[in-house]
Amino acid sequence: MTQFGHFDDAAREYVITRPDTPWPWINYLGTRDFFSLISNTAGGYCFCRDAKFRRILRYRYNGVPMDAGGRYFYIKDGDTVWNPGWKPCKTPLDTYECRHGMGYTRIVGEKAGLRAEVLFFVPPDARCEIHRVKLTNTGKTPKRFQLWSFVEWCLWNASTDMENFQRNLSTGEVEIEPDALYHKTEYRERRDHYAFYGVNRPYDGFDTDRETFMGMYNGFEAPQQVLSGTSGNTVAHGWSPIASHRFDLELAPGASDELIFVLGYVKNPQEAKFTAPGVINKAQARKMLQAYGTPAGADIAFATLKSYWDDILSRFSVASAVPELDRTVNIWNQYQCMITFFFSRSASYFESGIGRGMGFRDSNQDLAGIVHLIPARARQRILDIAATQFPDGGCYHQYQPLTKRGNNDIGGGFNDDPLWLIFGTVAYIKETGDFGILHEKVPFDNKPGTEVSLLEHLKISFAHVTDNLGPHGLPLIGRADWNDCLNLNCFSDNPDESFQTTENKTEGSKAESLMIAGLFVAEGKDFAELLAHPAVAADPKYVAKVRSAVAAMEKAVKAHGWDGEWFLRAYGYYGDKIGSNENEEGKIFIESQGWCTMARIGADEGLCDKALDAAVKHLECEHGLVLNAPAYTRYIKDYGEISSYPQGYKENAGIFCHNNPWVIIGEAMAGRADDVWRHYCKITPAFTKDQSLRKVEPYVFCQMVAGRDAARPGEGKNSWLTGTAAWTWKCVSEFILGIKPQYDGLLIEPCIPVAYGTYKVHRRFRDAEYDLTIRCTGKPGASHFIPYIPGHHTLDIEL
Ligand code: BGC
Ligand code: NOJ
């Protein structure tokens with residue numbers, strides 16, 4: 001089995017040892033406003049705040065070869081041209097290594113006695129990428145060589161950049177200065193922002209016109225100027241502006257040289273846009289160039305970045321007998337939760353950054369992965385999300401990060417959405433004890449003057465379900481529930497319609513969701529507990545109403561949602577069963593087994609155990625639990641997008657990793673430790689062996705792994721931005737290791753096979769710090785409550 005890399009846990013890095021990974025293996029840079037995607041060959045792009053509206057570098061998603069565009073350094077040593085990251089020239093290197101770390105990527109290439117090391121990072125709170133290039137002559141003779149930098153500007157709006165060429169090819173404008181090449185396209189009119197690519201030493205040549213640099217018919221792998229050892233010193237007028245600097249260098253044997261590039265973004269106040277007619281105000285860019293353009297400045301910025309992540313990752317750590325578990329918990333899962341929180345589902349190598357914005361349900365679930373890490377930002381996110389709700393409790397399915405406004409193109413109508421606000425808020429308050437957030441005033445649909453408290457928003461979220469019940473007393477599904485490919489009111493036979501937004505029938509629909517029913521019971525119980533807490537002390541009559549709505553739903557599920565051996569998935573438009581043994585295909589679905597067992601519906605009557613057994617029997621395969629079985633083998637108009645996917649992919653019987661933890665948590669609540677562990681190991685990348693088969697990054701979870709019906713079961717897709725990150729985190733931290741934040745302390749309630757059941761956990765919780773040694777002896781249901789008391793506590797807990 002070919003290995004493409006390995007973990008370096010001490011450095012919190014993944015080390016890629018050959019560049020031709022089965023798919024680009026990427027990392028993310030940035031922590032607040034300025035974000036970058038960077039592959040192991042330095043491909044990718046960056047943007048400020050919004051991947052669609054403020055795209056800085058151009059990137060070609062459908063490019064051939066894959067991963068076209070990035071920050072490329074070209075080295076010409078004699079007649080050989082090579083890149084430290086191998087691509088795009090693909091000249092074989094003597095040495096190659098890429099280390100993806102926490103918020104930085106370091107790529108090292110060596111060829112014929114010349115070593116180039118490039119460190120890429122975004123300093124915390126800065127709006128720039130730093131490219132720190134160190135060149136070393138490792139040979140015995142002096143070296144004369146040339147170095148070119150290269151980036152290609154996107155004309156800001158990543159969407160129109162790909163389509164409106166009649167305009168785009170005429171708008172490009174640049175300014176050339178000794179310290180930087182400035183991209184000021186559209187700055188003359190409404191924009192108040194520009195980008196620049198600067199370097200901390202005078203360059204020997206430059207280009208800003210792509211055709212001159214590349215040659216009209218050459219690709220990234222053979223730029224004309226590099227091949228001829230020159231620069232065109234061009235000033236771009238329209239067409240496709242780029243930025244490239246050239247340096248003619250010389251190094252004695254053993255000597256090193258360093259250049260620091262800064263690729264930045266600046267927004268100016270409207271009244272201070274220009275310093276002279278047509279000349280952009282460069283003060284902020286110069287400040288950045290000065291701050292980072294010295295080795296000392298870059299060192300400080302990098303150290304700040306390091307300590308940012310050290311602090312983040314010092315809040316929860318485990319020391320167990322299983323290295324794969326430790327590296328997942330201590331490093332990569334938490335890192336992925338942060339990245340997913342920052343980006344929602346907007347920009348990855350599977351999400352183009354122009355479509356999805358921030359999902360209402362997605363962002364709420366993401367909170368569960370980061371409330372313990374960046375609680376202040378979680379708080380803000382909750383308020384932003386709640387502000388996109390409508391007065392009837394429904395909400396925009398997505399909102400745009402730049403404007404924080406709901407996205408009209410997709411609208412609302414996904415009936416699970418409102419409940420996730422309760423989920424996110426409960427997770428936040430349990431972690432922080434900040435009940436005060438409930439009194440924050442939040443508008444509807446961002447309209448000033450409509451503000452009510454967050455608590456009111458939660459109430460109307462809850463009521464949105466009880467106001468929309470179907471014939472069986474189960475929640476109407478609306479456009480779709482969590483599985484937004486189960487489109488029961490869509491009935492589309494027009495390929496030009498979006499499954500996500502089309503409802504050809506809604507009036508009179510009987511389509512009900514057992515997934516929402518389970519979610520409602522689980523979140524309803526949490527909501528009642530929150531309301532009854534002395535810090536909230538809600539009206540007892542209202543609390544009783546919540547409890548009785550929950551009880552009624554449990555009753556409805558038991559009466560109409562149980563199929564004999566498992567929970568039904570839904571009722572269709574006509575009231576037909578979905579996810580039933582009566583169906584030919586799609587007899588059983590994972591979501592309702594997960595949610596109804598997490599809600600413990602019918603646990604006393606043995607329904608949860610039966611449903612979990614059925615999940616194991618019908619859904620489990622070598623790489624995890626598939627979403628449904630049997631897979632749909634043809635398009636069924638009544639079900640929609642789910643049946644549009646070939647068998648084994650995505651929502652049609654793929655291993656949709658996001659929902660595996662639902663069943664695993666259900667298993668943990670039922671005390672089934674061996675099942676818990678087996679399912680967890682199957683979806684956790686640190687345990688996967690065959691890197692070629694898995695294809696995507698071995699250090700992060702994917703949304704989907706091809707299921708047993710697929711051509712290549714086990715092949716991963718849609719890595720990085722997925723609710724899997726937060727859910728696996730919740731699953732491992734709260735239900736496997738058993739550290740459950742409660743309003744007034746921590747409940748220790750693990751579910752792990754005894755063989756791995758002795759471990760240490762370091763946990764910061766509000767103003768307390770716990771060093772716990774936990775020894776599980778296998779007693780069913782054993783738990784231990786630690787009341788919250790500020791200070792440092794060392795505890796040895798035998799369960
Ligand atoms: C995908 C879903 C996704 C939806 C919304 C569908 O094609 O299969 O996973 O949530 O699109 O973008
Ligand atoms: C991905 C989406 O981001 C999420 O909102 C949805 O629930 C799942 N796909 C399942 O369809």
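**View 1. Pro 88 lies in the loop between strands β8 (80-82) and β9 (95-100).** Strands here are DSSP runs of E with at least two residues, helices are runs of H or I with at least four, and both are numbered from the N terminus. The bond to look for is the peptide bond from Lys 87 to Pro 88, which is cis, with omega near 0°. Please keep in mind that this is a predicted model, where local features need pLDDT of at least 70, side-chain atom pairs count only at pLDDT 80 or more, and totals for chains, interfaces and linings use all residues. Residues are numbered from 1 along each chain as its sequence is written, chains are lettered from A and ligands numbered from 1 in the order in which they are written, and side-chain values use heavy atoms, leaving out hydrogens and water.

**View 2. A cis peptide bond runs from Val 64 to Pro 65.** Its omega is near -5°. To find Pro 65, follow the loop that joins β6 (55-57) to β7 (72-77).

**View 3. Asp 125 has a positive phi although it is not a glycine.** The angle is about 65°. Asp 125 has its place in the loop between β11 (114-121) and β12 (128-137).

**View 4. The rings of Phe 35 and Phe 342 make a tilted aromatic pair.** The model has 64 aromatic pairs, counted when ring centres of Phe, Tyr or Trp (its six-membered ring) lie within 6.5 Å, with planes under 30 degrees apart called stacked, over 60 edge-to-face and the rest tilted. Phe 35 belongs to strand β4 (residues 34-39) and Phe 342 to helix α6 (residues 323-343), so the pair links distant parts of the chain, 307 residues apart.

**View 5. Ligand 1 has Arg 356, Asp 484, Cys 485, Gln 500, Glu 641, Tyr 645, Lys 650, Glu 651, Phe 656 and Gln 703 around it (a heavy atom within 4 Å).** This shell holds 3 nonpolar, 2 polar and 5 charged residues; Asp, Glu, Lys and Arg count as charged, Ala, Val, Leu, Ile, Met, Phe, Trp, Tyr, Cys and Pro as nonpolar, and the others, Gly among them, as polar. A side-chain N or O atom of Glu 641 is 2.4 Å from an oxygen atom of ligand 1. Polar side-chain atoms of Asp 484 and Lys 650 each lie 2.9 Å from an oxygen atom of the ligand. Of the 310 Å² of accessible area that ligand 1 has on its own (Shrake-Rupley, 1.4 Å probe), the protein covers 79%.

**View 6. Ligand 2 is surrounded by residues including Arg 345, Arg 361, Asp 362, Trp 482 and Asn 483.** Its shell divides into 6 charged, 2 polar and 2 nonpolar residues. Arg 356, Asp 484, Glu 651, Phe 656 and Gln 703 are found around ligand 2 and around ligand 1. A polar backbone atom of Trp 482 comes to 2.4 Å from an oxygen atom of ligand 2. For the side chain of Glu 651, an N or O atom is 2.5 Å from a ligand oxygen, and for Asp 362 a polar side-chain atom lies at 2.8 Å. On its own ligand 2 has 290 Å² of accessible area, and the protein covers 95% of that.

Note on methods
Polar contact = N/O pair within 3.5 Å; in protein donor to acceptor, adjacent residues only side chain to side chain.
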